[in-house]
Structures are given as C-alpha cells and as structure tokens.
Amino acid sequence: MQKIHLTDDVVRSLPFTALGGRRVHIADATVENMRLVVGGDRKAFYFVPDKPGISGILRIGKYPETTTETAREVASRLKGAVTRSSVIAKPPEQLERSAASWTFAAVLEDYIEQIHLRRHNRSAAQDIRFLRRYFLDPSANPFALKPIGLVTATDVFDLVMSTRDRPALARKRLSKIKTLFNWVMLHHRQAEFGLAANPVSDLTPRMLDLRARWRDRHFSELEMWAYLAAADRLEKASQRVFCQILVLTGQPAGDLALMQWSELNLEEGVWIRPRGAAGSTPLSNATVSLLRNLRCSAAASEDPAVFGSDFTSPGKLTRLRCVVDRRMSDHMQGTGLERPREPWRWTDVRRSVLNMLVEADVSYEIARCAIGFAPDRYTAMTAFRSTRDPLQRLARALDDMRRSVERSVTAAPAADG
C-alpha cells in the first residue's frame, strides 16, 4: 500500500480506476490510520483502527465534499479515542454496529454505482431512477438516513405497505430492497457495512398479500371537463402543459415527465423515445402547439428536460395530482356538480384516454398503440402511421366534449330558474 502525505491537490490529481477494476488504497503519511480509497468514479476517506479486536472501518467522507484537512482532523480525533481506549472497551459486536455509521442511503449509493457492471443490464438506468425516487429521499423513505445495521423488518414492512393500494409498486419496492440487502450480505460487504443479518429474508410478496387488483376507474365527461379546467388554472406553465399533453397523448405520466427537448422533432411532430421505450410516438398538432409555446416561454432556460429536471423528484407527480384533484373538486362544486368519491390516479387518466379513442371509432388495438401500449418495438414502428390520425381525432373529441359540457352546465341553472 502506498503511503504519501495527502493534500487536496494530490487527491485531485489521482486518476480514477477503470470501471469495475480493483480499488486503490492509499495511506496518509501524517495520520497513519487514515486511508484514501479511489474507485471507478469516486474518492473517499476512511479511518482504519489498528488495535487488536477492532475490525470496524469507518467512512469519514467523500472527496471533494470532505476536504483532506477535514478528513485528517476527523481521523486524528478517532485515533485519539482509540488511544484513550474508549473504543477498545467495546466488544467486537458493538464495534461492528458502530461501523454501521453507513446509512441506508449511503449504502444504496454504493450499490447504485455498481449497477452498470451487471451482466444483464438493459434496465440499469430505469432501476437507478426507481431506487433514487423511492428509497434515497427521506420524504419517500423514513429510514433513508438510518444506519443500515439498524434497519429492521418492521421498517421495510411499513414502507412496502404504505403503498399497499398500489400492489405493483409495493411488489417492486420489496423486490428492489431485497436485492439490495442480498448484495450487502456478501461477506466482504457485510463486515464493511456493519450488517449482522438480513432483515428482509422472510418478507415475500405472498406473505404480504401483494396481489394485483383489477381497476377500471376512468373519467366521466364531467370529470374530464373538470380536469381540463383545473389544468388550465395551474400556476406554472410546465404543469399546465404536462396535464394537457397527458390527455392528448395518453402516455404514462412517469415517461412523459422524463421527456427531453433533444427527443422531440416538432417539425415532424414526433417524440423519438429513448432506448428501451416502445419506439417513436407521433404527436397531434395540438400537442406540438403546446410544446412550441412552452419552449418559447422557457427560451432563457437551458434545462434539457421539457417540464424541468426537478419534475421527477420524489413525490412531485403525487403533489401535482393532489393539486389538480382539489381544483377539480372546487370547479365541480362551484357549478353544482357532485364529485365521485373514488379517488383517481394518473393511470386512470390514461385509461380514460383509451376509452375516448375507442368511443371515437378507433379500433382497440390501434388505440392501445396510440397511447404507448405496443407489445414490442416492431409493432410500435409499424403502427406509427396508423396512430397519428387517432390522436388528431382525440384532440378534436376533447374540444367537442368541453364545448358540449360547458353548454349543458351553463344551461342547467337557466332551466332551474
């Protein structure tokens, strides 16, 4: 192992190792217990105790967030604690638990870094987005900042069951967290992260009864009218356009939120979907017009995302749906209409668009292709021309529906009078 006097300039000049290669360990010549570990795309400082019976390796911090001087000060304090026997007095089991100063979020970041090294890797980018969205943020995961060695089966159970009304999401969350703990439980990682046992080994979808349930919720004409009216009254232009395009395309809300300007050809009216998505998607003239106006209003911004890079942050779409739902209720109550009691989700909007296409005399197979339900990429490519016309008809049907409902709603009070 190399031993050099570490400084910020020295650490900055050290080259990263090859992706998937062996990590390089460098000892500090000033504080002998401090180590710098250089990985594929990360440099981090560690403290390595040198007393008998102490096996816990403590992570000090990642460079450049933690400077060399700061890491040296922390390492000196830890060395002083070892010298004063404040650490030696602890049994090895407790020392391993203290090594679990690795929080769940920190371990997950380590796991995310190696996802691209998997042999079967088509869903790597999708898996990383899912993990960051549902596990890294403390607002989405209550034990994100908890030491991973202290995460219990009850913590995981409560997290999974919090989305019990969405069985597919609950099953996926359970699957991903079980995979993470299996990765941590490999012997060389288990000691490093301070994990005594796998807390989720006994949790299974069957035991939690995470079966998919049939759902057929879709908007009535009045609800669709209220949804469009609520979307028109949103404060931010990006939110207004997002909600409007959602009913003009019928695409999944999560996919639409990730739309990039580089993927759009507005001259041809095409959304060129990224790798892994179901081909390219035609856009109606109404959708192209909304996107052109949004691009003009956001001309000063250099954000590559159409609706903003923060649009996919954890809970963002959920909060937007809640805002739209409240405005829909206010709008319907203001016109004397009764709101259905069953709550709606973004997938219900998509289902409503599918119903509108079928009611507009579009075949069910073409309607599914139009909203991105193509079974494979070849089918999506061959159905491209046949799906543009249904989307044009959908835009006209939405306009006709709005005018028809507005006439009936305004005529109702006059009839009552």
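How many bridges join strand 1 to strand 2, and do the two run parallel or antiparallel? In this predicted model, three bridges join strand 1 to strand 2 (residues 24–28), and the two strands run parallel; strands count as paired if DSSP finds at least two bridges between them. Within this pair, Gln2 stands opposite Ile26 of strand 2. Both strands belong to an open sheet of five strands in the order 1-2-3-4-5, with mixed pairing, and its edges are strand 1 (2–4) and strand 5 (58–63), each of which pairs on one side only.

The chain holds 18 helices and eight strands, taken as DSSP runs numbered from the N terminus (helices H or I, at least four residues; strands E, at least two). Of its 417 residues, 44% are buried, that is, under 20% relative accessible area with a 1.4 Å probe, protein chains only.

Beyond its neighbours within four places in sequence, Phe242 is in contact (heavy atoms within 4.5 Å) with residues including Ala253, Phe307, Leu320 and Trp346.

Residues are numbered from 1 along each chain as its sequence is written, and side-chain values use heavy atoms, without hydrogens and water. Local features need pLDDT of at least 70 and side-chain atom pairs count only at pLDDT 80 or more, whereas totals for chains, interfaces and linings use all residues.

Methods
Buried < 20%, exposed > 50% of the residue type's maximum accessible area, 1.4 Å probe, protein only.
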